[in-house]
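This briefing is for a reader who is new to the structure shown below. Please look through the sequence and the model before reading on.

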There are 2 protein chains.
Amino acid sequence: MLYLVTYDITNNRLRTKIAKTLIKNGLERIQYSVFMGDLTDTYKDLILEKINLLVNDAVEYSVLFIPLHKDMLFDITEISEQNLDWEYIKGEKICMMF
Amino acid sequence: MLYLVTYDITNNRLRTKIAKTLIKNGLERIQYSVFMGDLTDTYKDLILEKINLLVNDAVEYSVLFIPLHKDMLFDITEISEQNLDWEYIKGEKICMMF
């Protein structure tokens with residue numbers, strides 16, 4: 001299943017650790033606090049377990065894993081200076097375009 | 001259609017203006033840079049038009065409108081200190097629980 005992961009984390013150190021955990025586990029950073037990637041249930045549970053360990057005793061944090069239908073990626077509207085490489089994000093090609 | 005709106009905007013003034021535009025037009029802020037709401041196509045186009053006017057001449061901005069299936073809201077995983085009131089966000093009740 002394709003997931004969008006968004007977070008709101010006040011503590012810089014915790015935020016960096018969670019970002020690294022998401023990236024190491026195959027998610028693409030599409031905005032500063034937004035990530036996207038295709039995850040199996042097992043892999044998602046593994047990442048959730050790691051995040052739950054990291055936020056233990058932390059305050060002011062919110063992490064959301066939002067499931068997306070792949071079909072809906074075609075209907076994303078992007079307003080930005082440089083558009084994201086959606087084919088790469090969807091896993092349809094290996095190399096990102098620059 | 002239900003939309004998740006996420007942004008990455010360096011300029012504080014522009015970020016505040018876009019946040020206000022989203023909230024004034026009925027979107028709920030669910031994280032600092034993440035909003036959610038049910039929008040008709042006409043209303044979405046109107047908001048996009050307003051944002052396009054605001055980002056004119058701006059630099060370092062990215063705004064994404066991501067369509068979501070309402071059914072998928074049931075599968076959102078939330079790791080946070082205080083869970084969001086999803087019934088309110090989905091428009092299933094008028095008052096938010098505190």
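Helices (H or I, at least four residues) and strands (E, at least two) are DSSP runs, numbered from the N terminus. This is a predicted model, in which local features need pLDDT of at least 70, side-chain atom pairs count only at pLDDT 80 or more, and totals for chains, interfaces and linings use all residues. Residues are numbered from 1 along each chain as its sequence is written, chains are lettered from A and ligands numbered from 1 in the order in which they are written, and side-chain values use heavy atoms, with hydrogens and water left out.

**A:Glu78**

- A:Glu78 belongs to strand E5 of chain A, which covers residues 77-80.
- A:Glu78 has a relative accessible area of 17%, and buried means under 20%, exposed over 50% and partly exposed in between (1.4 Å probe, protein chains only), so A:Glu78 is buried.
- Its side chain makes a polar contact with the side chain of A:Ser80 at 3.2 Å; such a contact is a pair of N or O atoms within 3.5 Å, where within protein one must be able to donate a hydrogen and the other to accept it, and residues adjacent in sequence count only if both atoms are side-chain atoms.
- A polar atom of the A:Glu78 side chain lies 2.8 Å from the backbone nitrogen of A:Leu84.
- Neighbours within four places in sequence aside, A:Glu78 is in contact (heavy atoms within 4.5 Å) with A:Asn83, A:Leu84, A:Trp86, B:Val63 and B:Leu64.

**Strand E1 of chain B**

- Seven of the eight residues of strand E1 (residues 2-9) of chain B are buried, so this strand is largely enclosed by the rest of the structure.
- Two strands pair if DSSP finds at least two bridges between them; E1(B) pairs in the antiparallel sense with strand E3 (residues 34-38) of chain B over five bridges.
- In E3(B), B:Met36 stands opposite B:Leu4.
- E1(B) also pairs in the antiparallel sense with strand E4 (residues 61-68) of chain B, over eight bridges.
- B:Phe65 in E4(B) is the bridge partner of B:Val5.
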